[in-house]
Amino acid sequence: MRLHVADHPLIAHKLTVLRDERTESPTFRLLVDELVTLLAYEATRDVRVEQVEVTTPVAETVGTHLASPRPLVVPILRAGLGMLEGMTRLLPTAEVGFLGMQRDEQTLEAITYANRLPDDLSGRQCYVLDPMLATGHTLIAAINFLLEKGARDVTAICLLAAPEGLRTLDEAIGDRGDVTIVTAAVDERLNEHSYIVPGLGDAGDRLYGVVD
Ligand SMILES: O=P(O)(O)OC[C@H]1O[C@H](OP(=O)(O)OP(=O)(O)O)[C@H](O)[C@@H]1O
Ligand SMILES: O=c1cc[nH]c(=O)[nH]1
Ligand SMILES: [Mg+2]
């Protein structure tokens, strides 16, 4: 597994405002959107391309297009939905699959309540969106769905990751796929409730409000 921490002053600034407990939902959503676009720029560095001929008003030349098959973007509901538009702005031709997952706050296991993915993912580059990588259980389950369908090249874009979750994910994936995590920061640790410290709280609640 590869880890890329996007070290950029604009990312650090936006992340700091996002962490602030006084930041309300509308600003929070806007910042998540902006941060994803910045992270997506890093995350798509190895997106597959092909050379194409293009005629400019001045001359013929060889340029670059995204190669087929189209990349697949997979937001993990709920919180990952807040990252979708920022991602597709950069990759407008990408296909979008959906996973609905919720962490059981007692057992910390990921419960899957929605799964809408293409059947065959062999040869597809997949980009998973989830703002928080805490214990790693949610991302492990999501990446396993993709690997089971034949994907081998998976990049997860997270706003924050915990060291514990990164270790668990690395062990769980092993050499079954080429997995990269792109994140804005690796925080200190998990607390006794397995929340990221210092973190930003519950990303889904801060984006969309508290659901009982
Ligand atoms: O690494 P983990 O310990 O599995 O935790 C991370 C998951 O927890 C959050 O989702 P949550 O269960 O709160 O659902 P939500 O997005 O609907 O709020 C977050 O968006 C991740 O999906
Ligand atoms: O810190 C955390 C951990 C899990 N889910 C969140 O939204 N935040
Ligand atoms: Mg939540």
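Predicted model: local features only at pLDDT ≥ 70, side-chain atom pairs only at ≥ 80, totals over all residues.
A residue counts as near a molecule if its C-beta atom, placed from the backbone, lies within 6 Å of it.

**The annotated domain**

- UniProt, in an unreviewed entry, lists residues 5-209 under the name "domain: Phosphoribosyltransferase".

**The surroundings of ligand 2**

- Ligand 2 has around it Met 132, Ala 134, Tyr 195, Ile 196, Gly 199, Asp 202, Ala 203 and Gly 204, and this shell divides into five nonpolar residues, two polar ones and one charged one.
- The unreviewed UniProt entry places a feature called "binding site" at Ile 196, Gly 201, Asp 202 and Ala 203.
- Of these annotated positions, which one lies in the loop between β13 and α6, and which one has its place in helix α6? The loop holds Asp 202, whereas Ala 203 belongs to the helix.
- Asp 202 counts as partly exposed because it has 15 C-beta neighbours inside 10 Å, a number that falls between the limit of 12 or fewer for exposed residues and that of 20 or more for buried ones.
- Ala 203, by contrast, counts as buried because it has 25 C-beta neighbours inside 10 Å.
- If residues up to four places away in sequence are left aside, Ala 203 touches Ala 79, Pro 131 and Met 132; Met 132 is also among the residues that surround ligand 2.

**Strand β10 and its neighbours**

- Strand β10, which covers residues 153-161, is mostly covered, since eight of its nine residues are buried.
- Strand β8 (residues 125-129) runs parallel to β10 and is joined to it by five bridges; in one of the pairings between strands, Val 128 has Ala 156 in β10 as its bridge partner.
- β9 also pairs with β10 in the parallel sense, over two bridges, and here the partner of Met 132 in β10 is Leu 160.
- Between β9 and β10 the chain passes through α4, and this β-α-β crossover is right-handed.
- β10 pairs in the parallel sense with strand β11 (residues 178-186) over eight bridges, and the bridge partner of Asp 153 in β11 is Asp 178.
- From β10 the chain reaches β11 by way of helix α5 (residues 163-173), and this β-α-β crossover is likewise right-handed.

**Cis peptide bonds**

- The peptide bond from Ser 68 to Pro 69 is cis, with omega near -5 degrees, and Pro 69 sits in the loop between β3 (60-66) and β4 (72-77).
- A cis peptide bond also joins Val 197 and Pro 198, where omega is about 0 degrees, and Pro 198 lies in the loop between β13 (196-197) and α6 (203-208).

- Is Leu 108 partly exposed or buried? Leu 108 is partly exposed, because 15 other C-beta atoms lie within 10 Å.
- Ser 194, another residue other than glycine, has a positive phi near 60 degrees, and its place is in the loop between β12 (189-190) and β13.
- Ser 194 has 15 other C-beta atoms within 10 Å and is therefore partly exposed.

How values were computed: Residues numbered from 1 in each chain as written. Chains lettered and ligands numbered in written order. Helix = DSSP H or I, 4+ residues; strand = E, 2+ residues; numbered from the N terminus. Nonpolar A, V, L, I, M, F, W, Y, C, P; charged D, E, K, R; others polar. UniProt positions renumbered as here; feature names shortened; annotations may be inferred. Contact = placed C-beta atoms within 7 Å. Pairing = 2+ DSSP bridges. Right-handed = clockwise from strand over helix to strand, strands pointing away.
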